[in-house]
Every structure is written in structure tokens, then in C-alpha cells.
Amino acid sequence: MKRKNGSYNKTKKRTLEVLEDKTWMDVPAFAHKVAIRPVRRAYTYLAHLEHLGLVERGLDASGKLHVRITVRGLERLQWLRLPQRATTTLEELIVPFLRKANP
């Protein structure tokens with residue numbers, strides 16, 4: 001999971017934050033809160049997140065699709081909230097090995 005620029009994982013973070021309270025939410029309400037347009041795109045995106053194990057989908061008594069976050073989704077949200085660290089330079093990777101070679 002390599003972080004690239006600031007926009008990487010932005011939608012995923014926003015999605016997991018909306019679902020963070022662990023309650024079931026219907027897809028149109030979810031799409032409205034996350035600002036995913038058109039709403040049908042939210043169904044596809046949530047299926048993708050379910051495949052990753054970050055959300056689970058289920059039907060209510062009337063057959064309406066609802067989603068909620070999983071434990072893995074909460075863990076991923078914690079990771080996404082960590083401050084981004086600058087990329088490691090080649091020098092930072094090599095210096096520890098040079099120190100071991102030249103005591």
C-alpha cells in the first residue's frame with residue numbers, strides 16, 4: 001500500500017469515515033454523504049470495497065441494500081489517518097548498510 005500524492009485513497013478515507021460508527025446505511029444515503037454521483041456508481045464502489053474486505057453488504061427486511069464497515073475497514077481507516085511521511089531517499093536506505101560495513 002504505497003501512498004502517492006494527496007488524492008490517493010481520498011475517496012476510500014471519506015467512505016470509511018462515513019461508515020465509521022458501524023451502523024448499517026442504505027446506499028443512496030451513503031452516496032449523498034460521500035458525494036458520489038451518480039448514485040449507481042456507489043454500488044460498484046462498495047462492491048469493490050467489499051471485495052477488499054473493508055465493508056460488508058446486506059439486505060434489510062424490505063430487500064434494500066445496506067452497508068457497514070468491517071474490522072479490517074476500521075484498521076485501514078486508522079492507517080489512512082496516519083500522517084504522510086516523505087518518501088525515503090536512496091541515501092537513507094544505503095547509509096545503515098555502509099555503517100555496518102565500516103565499523
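Visitor: Where is the place of His-66 in the chain?
Guide: In this predicted model, His-66 belongs to strand β3, which covers residues 65-69.

Visitor: Okay, and is His-66 buried or exposed?
Guide: His-66 counts as buried, because its relative accessibility is 16% and the cut-off for buried is under 20%.

Visitor: What does the side chain of His-66 reach?
Guide: The side chain of His-66 comes to 3.1 Å from an oxygen of the backbone, namely the one belonging to Lys-64.

Visitor: And which residues is His-66 in contact with, leaving aside its neighbours within four places in sequence?
Guide: With those neighbours left aside, His-66 is in contact with Trp-24, Met-25 and Asp-26, and also with Glu-56, Arg-57, Gly-58 and Asp-60.

Visitor: Let's switch to helices. At what angle do α2 and α3 pack?
Guide: Helix α2, made of residues 27-34, packs with helix α3, made of residues 39-51, at an angle of about 100°, and the axes of the two helices lie 9 Å apart. Because angles from 65 to 115 degrees count as roughly perpendicular, α2 is described as roughly perpendicular to α3.

Visitor: Which residues make that contact?
Guide: On the α2 side the contact is made by Val-27, Pro-28, Phe-30 and Ala-31, while α3 brings in Val-39, Ala-42, Tyr-43 and Leu-46.

Visitor: How many of them are nonpolar, polar or charged?
Guide: Sorted by class, the contact of α2 with α3 has eight nonpolar residues, with no polar and no charged residues.

Visitor: What about Lys-33, where does that one sit?
Guide: Lys-33 is also a residue of helix α2, and it counts as exposed, because its relative accessibility is 55% and the cut-off for exposed is over 50%.

Visitor: Which residues does Lys-33 touch, not counting those up to four places away in sequence?
Guide: With those residues not counted, Lys-33 touches Val-18 and Met-25.

Visitor: How far apart are the C-alpha atoms of Lys-33 and Leu-19?
Guide: Those two C-alpha atoms are separated by 10.0 Å, and the residues themselves are 14 residues apart along the chain.

Visitor: Now the whole chain: how many helices and strands are there?
Guide: The chain has five helices and three strands, and, when read along the sequence, they follow the pattern α-β-α-α-β-β-α-α.

Visitor: And how much of the chain is buried?
Guide: The chain has 103 residues, and 28% of them count as buried. As for its surface, the chain exposes about 7,500 Å², of which carbon and sulfur atoms supply 55%.

Conventions:
Residues numbered from 1 in each chain as written. Predicted model: local features only at pLDDT ≥ 70, side-chain atom pairs only at ≥ 80, totals over all residues. Heavy atoms only, no water. Helix = DSSP H or I, 4+ residues; strand = E, 2+ residues; numbered from the N terminus. Buried < 20%, exposed > 50% of the residue type's maximum accessible area, 1.4 Å probe, protein only. Areas by Shrake-Rupley, 256 points an atom, 1.4 Å probe, with all protein chains shown as cover. Polar contact = N/O pair within 3.5 Å; in protein donor to acceptor, adjacent residues only side chain to side chain. Contact = heavy atoms within 4.5 Å. Axes fitted to C-alpha atoms, helices over the stretch in contact; angles between N-to-C directions. Parallel < 35°, antiparallel > 145°, perpendicular 65-115°, else oblique. Nonpolar A, V, L, I, M, F, W, Y, C, P; charged D, E, K, R; others polar.
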